[in-house]
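Please examine the structure shown below together with its sequence. The paragraphs that follow lead through its strands, sheets and cores in turn.

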Amino acid sequence: MPFTPPKESYNGKIFELGLGSGEKAVAIGGENVLSFHGFEGSTPRKPVIALEVQDIVPDDWPQTVRDVYKDVYGDPVAWALHCQDKLGAQAVALRLAGTHPDKGDISAEQSAATVKKVLEAIKVPLIVLGSNHAEKDTAVLVKAAEVAKGFNCAIGKAQEANYKTIAAAAMANDLKLVAMSELDINLSKQLNILITQMGFDREKLITDPMCSALSYGLEYTYSVMERIKLAALAQNDPVLQPPMLADVGMYVWKVKETQAPESDLPEWGGLAQRGIAWEAVTASSFLVSGAELLIMRHPAAVEAVKKFIAEMEV
Amino acid sequence: MALTGVEIFKLLPKTNCKKCGQPTCLAFAMKLAQRQASLDQCPDVSEEAKQKLGEASAPPIRPVTLGAGARAVKMGEETVLFRHEKKFVNPCAFAVKIEDTLSEADAAKKLDEVLSSEIDRVGQKLRIDAVFLSNDSGDAAKLEALAKLAAQKAPEVPVIISTKNPDAAGAALAHFNGKNAVLYGADSGNLAGMAEKAKAAKAALGIAAGNLDELSDLTEKAKGLGIEDMVIDSGARKAGEILRDNTYIRRAALKKGFKPVGFPVINFAEREDQMLETLVAGLAVEKYGSIVVLGSASKWKDLALFSLRQNIYTDPQVPMQVQQKIYKIGEPGPKSPFLITTNFSLTYFIVSGEIENCKVPCRLAVMDSEGLSVLTAWAAGKFTASKISQFITESGIEGELEQKELIIPGYVAILSGAIEDKLPGWKITVGPREANGLPAFLKARA
């Protein structure tokens, strides 16, 4: 009996968004079908994975990840170059964790100088992230946006509490903007509307529906992403057509499964592989549910996800 | 696929006799379409109508049970493509492949890995569900020896026998009579023989096709041979093929009512690269696999996959809950901080994770709030001063503490006075609003 493939076609399409410039520039999005559904539509771009770099020595990362970067800590330029040159990163995400009031309270001016140095050193695209302190991020990202002008970076994250200033800074300096809201399709939609109402071009937005880790709310992010993607494609809702980000590393590398040694929990198996698997499974799940851009920490997890992406090509 | 009321009406006698209790046949048809009435309420219905309506009311993906007894796994019966629409029904089974080319010692080791794979996670027992005994040798005697070993060593574990040889299948299946095994490997060359062996052992038949056309053809032919329970493989092996074929199969079964693929799907994730195998298996968990075959079991891989399956198969409408009790984090002494929160599993995980990370030993009281988070539970009246004080009093925790002090979430600071009134002698301290404020808060107290 012949099988007629029940293909789905949609009216909507995800915006294609470019980051960086020159040879190492990348682009994400552009598809008119669900993730990896090239068998029934067009998926012109592969997902992009950025490796995370911080402006300070990250004392809250577990040893298994810290070991990977032990020679480049404390020097964001060397760290970013290590990611680009030694680890083959497609993009770098510089998280200005040290600007958080509890983590050193580095000034906006000083962190902007760091951003500038990193930008001048690397060729791959840069994503500049604040410390997720809504108030401090406003000051930090405004200064960072000024030095990032002309580099086609993304900055973020703009949230409900601080989007006005950050979106204005991104607009003034012609940058892409990550807009994050908390695990709810309607909140994502509302924030994207508020930002575009300021005159911000929605084709320069990246939606971050808020990430989570395997076993720690993964299903929420997973389903919010699927709902956003379906709304963008099937309902052709332009507000939800920006590509999506999953900021995986910061959620994964703080959970118990990536920290507890095998000696404490023998039934969980070896810590090194368990941690890598935790990040890789979280990341690949969000690629399946709809993310086009990932931020990750462990290069071995990135390798696994890249192999997975390659196998998803039919 | 379900019929509409009008389609059902056409099959009814149209006498409006009211014997079914409805005023007209059309009204009865509407009730049937909504599954609020059953066809046997109509005394005059024709055999033809019974058959058509019976077929239409069968679930679009046939339920098939793998194994028997306490470890039996139900498969199929899925109703949606996306988990936000409705809960995914039957969590997929993980099966570890054991080749009959292995030595007895190596095969026994793999069986041990399966048997010892069980872990307890948020109150659920999770494990590798089944073994996939593979006739890689092509030798019937070797497959039977492996089947015998599995039947002796792991008699409770559900079994999938994989071979292309009906005679080898018959001998191996004989060790699992009445145990709802699956016989996998039926193709265009051996279908009749395989179907016969499966029927004899009351096993489900696993169709091994090369593509979706062939798959549909084989299931129809198997049905013609009297086989009802099947699991199906379209031949997809690469991750992208698995996504494509599983998506087509699920859509065809649910949206087109295409019966030839209305069966649980078996997917193969075995890879040399263990990390890649984990990710491919994860894809099968997310995208419609009912049996996921792995090359091996290992503790870290099992934990990641069990957790993913648990996440994907949770009911999106019902929050996951943890058991109400006082959890010890680290090794708390009589002076260690004592905190309270609600039993939404995510709340518990995040709060306990932050406490663990800051390495300050604590006692954490987790109160049953029907799975709601702190603020929602408070708003819904599930996390109130009287309920908190009752829980604390009944827990008898007092005796373990040097100082009777309870730290409550910052979001319910408003409750502190009322709890103090109801818990005489206790000091109520307001903690941070968000869990990520706990490390700074606890370290400052230490």
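Which residue in E15(B) does B:Thr341 stand opposite? The residue opposite B:Thr341 is B:Val366. This is a predicted model, and the pairing belongs to a parallel arrangement in which five bridges join E14(B) to strand E15 of chain B, residues 362-367. Strand E14 itself covers residues 338-342 of chain B, and five of its five residues are buried, so the strand is largely enclosed by the rest of the structure.

Chain B has 16 helices and 17 strands, and its C-alpha trace spans about 75 × 70 × 35 Å along the principal axes. Of its 446 residues, 48% are buried. Among contacts in chain B with a separation of 6 or more, 65% are between residues 24 or more positions apart. The domain assignment divides the chain into domain 1 (5-57), domain 2 (64-312) and domain 3 (325-445). The centres of domain 2 and domain 3 of chain B, taken over C-alpha atoms, are separated by 45 Å.

As to confidence, the average pLDDT of chain B is 93, and 98% of the residues score at least 70. For the complex, the predictor gives an ipTM of 0.97 and a pTM of 0.88.

A further strand of chain B deserves attention. Strand E3 of chain B, residues 93-99, is mostly covered, with five of its seven residues buried. E3(B) pairs in the parallel sense with strand E12 of chain B (residues 291-294) over four bridges; here B:Ala93 has B:Ile291 as its bridge partner. E3(B) also pairs in the parallel sense with strand E6 of chain B (residues 130-134), over five bridges, and in this case the bridge partner of B:Val96 is B:Val131.

The largest nonpolar core comprises 239 residues, of which A:Ala50, A:Val92, A:Ile155, A:Leu177, B:Val131 and B:Leu133 touch the most other members. This core draws at least three residues from each of domain 2 (64-312) and domain 3 (325-445) of chain B. Leaving aside residues up to four places away in sequence, B:Leu133 touches several residues, including B:Ile98, B:Leu143, B:Leu146, B:Val159, B:Ile161 and B:Ala172. A second, separate core has nine residues, among them B:Ile8, B:Cys20, B:Cys25 and B:Ala29.

Chain A can be approached through its sheet. Eight strands form an open sheet with parallel pairing, in the order E8-E7-E6-E5-E4-E3-E10-E9 of chain A. Strand E8 (205-208) and strand E9 (245-247) of chain A stand at the edges; each has a single partner strand, so one side of each is left without a neighbour in the sheet. On average, and with direction ignored, neighbouring strands of this sheet are turned by 25 degrees against each other. Within the order given, strand E3 (residues 48-54) and strand E10 (residues 293-296) of chain A pair in the parallel sense over four bridges, and A:Ile49 stands opposite A:Leu294 in E10(A).

Helix H5 of chain A (residues 163-172) touches strand E6 (154-158) and strand E7 (176-180) of chain A, and its direction makes about 170 degrees with that of E6(A). Helix H6 of chain A (residues 185-197) lies across E6, E7 and E8 of chain A and runs at about 155 degrees to E8(A).

Some backbone details complete the account. A:Lys157 lies in strand E6 of chain A and is joined to A:Gly156 by a cis peptide bond with omega of about 5 degrees. Two residues other than glycine have positive phi values: A:Ser215, near 75 degrees, and B:Lys202, near 50 degrees. A:Ser215 lies in the loop between E8 and helix H7 (218-233) of chain A, whereas B:Lys202 lies in the loop between helix H7 (191-200) and strand E9 (204-208) of chain B.

Methods. Residues are numbered from 1 along each chain as its sequence is written. Chains are lettered from A and ligands numbered from 1 in the order in which they are written. This is a predicted model: local features need pLDDT of at least 70, side-chain atom pairs count only at pLDDT 80 or more; totals for chains, interfaces and linings use all residues. Two strands pair if DSSP finds at least two bridges between them. Helices (H or I, at least four residues) and strands (E, at least two) are DSSP runs, numbered from the N terminus. Axes are lines fitted to C-alpha atoms, for helices over the stretch in contact, and angles run from 0 to 180 degrees between N-to-C directions. Two residues are in contact if their C-beta atoms, placed from the backbone, lie within 7 Å. Domain bounds come from an automatic or database domain assignment. A nonpolar core is a set of buried Ala, Val, Leu, Ile, Met, Phe, Trp, Tyr and Cys residues joined through C-beta atoms within 7 Å. A residue is buried if 20 or more other C-beta atoms lie within 10 Å of its own, exposed if 12 or fewer, and partly exposed in between; C-beta atoms are placed from the backbone. pLDDT is the predictor's confidence in each residue, from 0 to 100.
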